[in-house]
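Good morning, and thank you for joining.

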Amino acid sequence: MAYFSSLRPQSSSSAIKIVNPAEHDDKVKMQAKRDSPQRQCRNILIYGSCRYQDKGCIYYHPPVEGSNNPPRPESPLPASLSAQAVNAPVFVPKAPFHVIASPSPTSESPFIPSPSPSTFYPNHDEYDDYGDSESLSHQTPQSLEHQLVNQFQVDYDDHASPMGNYYQSQQATFVRQPLDYHLYSHPTPDAFSSTHFVSDAIREELHKRSEASQLVPLPGHNLPDELQGYHSLALLEPSVTERRKFFSWYSTVYRATSSNDGVPYALRRVENFRLMNQAAFGAIETWSRVEHPSIVRVREAFTTRAFNDNSLVVAYEYYPNAQTLFEMHIKQKPPVFQHGRLSTFSAALPEATLWSYMIQIASAVKVVHEAGLAVRMVDATKIIVTGKNKIRIGSCGIADVLMYDPRQDTAIAQQEDLAMFGRLVFALCCNNLAAMNTLPKALDMMGRQYSADVKALALYLISKPGPHKSITQVIDMIGTNRFLHEIDDISVNRLEAELMSELENGRLVRLLCKFGFINERPVFAREPRWSETGDRYIIKLFRDYVFHQVDENGNPVINLSHVLACLNKLDAGTDERIMLVSRDEQSCLVVSYKDVKACVDAAFGDLARASR
C-alpha cells in the first residue's frame, strides 16, 4: 500500500478548515491595513518628513504647504481578492533593493544637503548596485550622473551624519576609553551650520584640558600623599635635566587638588629655603587680591617639611596644557627632514601676535604697579600661553618672599620690570634669550622683520631708568588703536569659561535619553511588562534611587549634586556599590555602577536592534 500510495499523484485535500469568521475577517483587515498604500507614513508623524517619499515609499505622504508637488492620487483597490492571495506570506527579498528616483534629464538640481530631520533617521540598508539595472539602461549620461550624485548624497548623509552613530549598541567592556570615546565619529559637513554643536577644534581642546587636569599621578617620584590641604600631587615639569634656578634656588611645579573645594591648583615649590621673617608672607596676601586676565592669580603660600627639607610652596591657579613663551617660540625645535637633509626651522613670531603679547603684558604690569607692587617675573620661562595668543604672567609674589627686604624701594623694582620687558621683546623677536648680548645684531634682525614701532618700543624699555620712564608712557607708545583692537577679544576668555562649564552636558543628556527609551516602555517584543522584568527592573530601581529619593518624613529630596554624581559614575562604570530598594520595600539589590551600566547597554541594544 505504501508503494501504491507513493505512485499516486498528490491532490489537494478536499477537507475544509473550520475557522471563526470574525477572526478571519480581522486577519484580512489587519493585513490589508498593514499593506495599504493609503496608510499615512509613520515618518511623517514622527519626524515631519520622509526621506524616501520620492524613492519608492509605498505609504501616503500628505502634501507640504507651500510646495508645488500635487497630492498623491489614490490608487484604486482591487475588486476582489482570493483567500490564497490574502493569506499569502509576505515576500522578503534576499538582497536589499531600493528604487532610485530618476529625475528629468533636462532639469538640473544643485547639490543640496538633506534637511535637518534626516540626521535623526536610523541607518538603512545599502543600495544594491545592480538592483535597478534595467531602468538605468534607458537613462542618458546626464541623468545617470545626476542619480549618482543623489546616491552619494544619501550615503553621505547616512555615514557623515553626526547623529548617525549617536547611540550604538556595544558590549559591556569596561576598559579605559580614549579621550573622544563619546564624541561623534564623523565631523559635521561644512554645508551645515554648527549652531547646535560645539566645533570640533574647541571640543577637542577643552577635552584635552579636562583630561590633563584629571590625570593620575605617575608612581616613582616619591611625592607626599598630603600637603597642607592638598592631595594627589603630580609633577608638571617634563624632566629634571631642564630645571632652571629660581634666583639661587631650584624650583619644581606640581599639580595638586585642594581638599576644600576639589579644584586642581599649581604648586611651585622652592627647595631648601628657610623662612627668616614671617612678615615676608604679607606680600602674598596683597598679591592674592590682584585680579587681571593676564596674571596667574596667587592663592596662598606656606612652608613645609613634607619633602624632607625646608621648602616654600606657593599655590596658583592651574591652567592645563599651558606652555611657556620659551617652550612655544624660543626653544630649539627638533630637526626635520626637508629637501633631502635634516634642518632646523624656527619661524619668526608674527608682528600681530607680538603686539598682542606686548599689550597684555603692559596691561598686567600697569595693574601691578598701581597696586604698589613689582612683577619681577617678566621672563619667557615664567609667562605661560593658555590659549590662542592668550598669555598670563606666572610665579608672581614668590620673589617678594625670597628676596624680602623691608627697606627695598619699590620704584627701583618697577623700573627693573620695564627693563625685563624690553629684554623679553628682543628675545621674542630674535628667538634667543641671549639676544641682548649682541645688541647691534639683534637690532639689525629686528629692523628687517618688524616695523619701526616695535624697535622704538624695545629701545625705550631697555633705556636708562628715569623719573619719566613708566608703564604709562609705554602704553602711550603702543597706541590707543592697538589697545582697542585687543580689547575686542577680551570677551573670548569669559565665553570659553562658560563653554567649559557646559562641556559634559551632552554626555549626560545622551545617558538620560537612554533612560527615557527604556523606562516605562509599555510593550516590547510582545511583552507588556518588558520594562519591569529582567535587567530592566534594575534600571527602574536605579531610576528611583537617582530621582525618587525621599527623606525620613516622606518628602521628596531634590538634590542636583546627587543626580549628577550618580550619572557620572554610571557613565564611567565605576565599581562602587549601591543598594537599590523596591518601591514596596520588600526586596533590595546590591549592585555596582558597572552592573547598572551593563544593564542599560544591553536593554538599549535590544531596542536599537529592533528599530533597524
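Let me begin with a definition: two strands are said to pair if DSSP finds at least two bridges between them. Helices (H or I, at least four residues) and strands (E, at least two) are DSSP runs, numbered from the N terminus. Please note that this is a predicted model, in which local features need pLDDT of at least 70 and side-chain atom pairs count only at pLDDT 80 or more, while totals for chains, interfaces and linings use all residues. Residues are numbered from 1 along each chain as its sequence is written, and side-chain values use heavy atoms, with hydrogens and water left out.

With those terms in place, consider strand β11, residues 383-387, which pairs with β12 in the antiparallel sense over four bridges. Within that pairing, glycine 387 is placed opposite lysine 390 of β12. Helix α10, residues 351-370, packs on the sheet and touches β11 and β12; contact here means heavy atoms within 4.5 Å. The direction of α10 makes about 35° with that of β12, where axes are lines fitted to C-alpha atoms, for helices over the stretch in contact, and angles run from 0 to 180 degrees between N-to-C directions. The sheet itself is open, with three strands in the order β8-β11-β12 and antiparallel pairing. Its edge strands, each pairing on one side only, are β8 (323-324) and β12 (390-393).

Now to the chain as a whole. It has 21 helices and 14 strands. Of its 612 residues, 34% are buried; buried means under 20% relative accessible area, exposed over 50%, and partly exposed in between, with a 1.4 Å probe and protein chains only.

What does the largest nonpolar core contain? It has 70 residues, of which Leu312, Leu325, Ile361, Ile398, Phe421 and Val474 touch the most other members. A nonpolar core is a set of buried Ala, Val, Leu, Ile, Met, Phe, Trp, Tyr and Cys residues joined through side-chain atoms within 4.5 Å. Not counting residues up to four places away in sequence, valine 474 touches Leu418, Phe421, Leu457, Tyr460 and Leu461. There is also a second, separate core of 26 residues, including Val563, Val591, Tyr593 and Val596.

Strands β13 (residues 577-581) and β14 (residues 588-592) pair in the antiparallel sense over five bridges. Six residues lie between the two strands, and glutamate 585 in the turn has a positive phi of about 60°. On β13, Ile578 and Leu580 form the covered face, whereas Arg577, Met579 and Val581 form the uncovered one.

Most residues other than glycine have a negative phi. Serine 395, in the loop between β12 and α11 (398-402), has a positive phi near 60°. Is serine 395 buried or exposed? Its relative accessible area is 6%, so serine 395 is buried. Glutamine 228 also has a positive phi, about 50°, and lies in the loop between β1 and β2 (230-235). Because its relative accessible area is 48%, glutamine 228 counts as partly exposed.

Leaving aside neighbours within four places in sequence, serine 213 is in contact with Arg255, Pro264, Tyr318 and Pro320.
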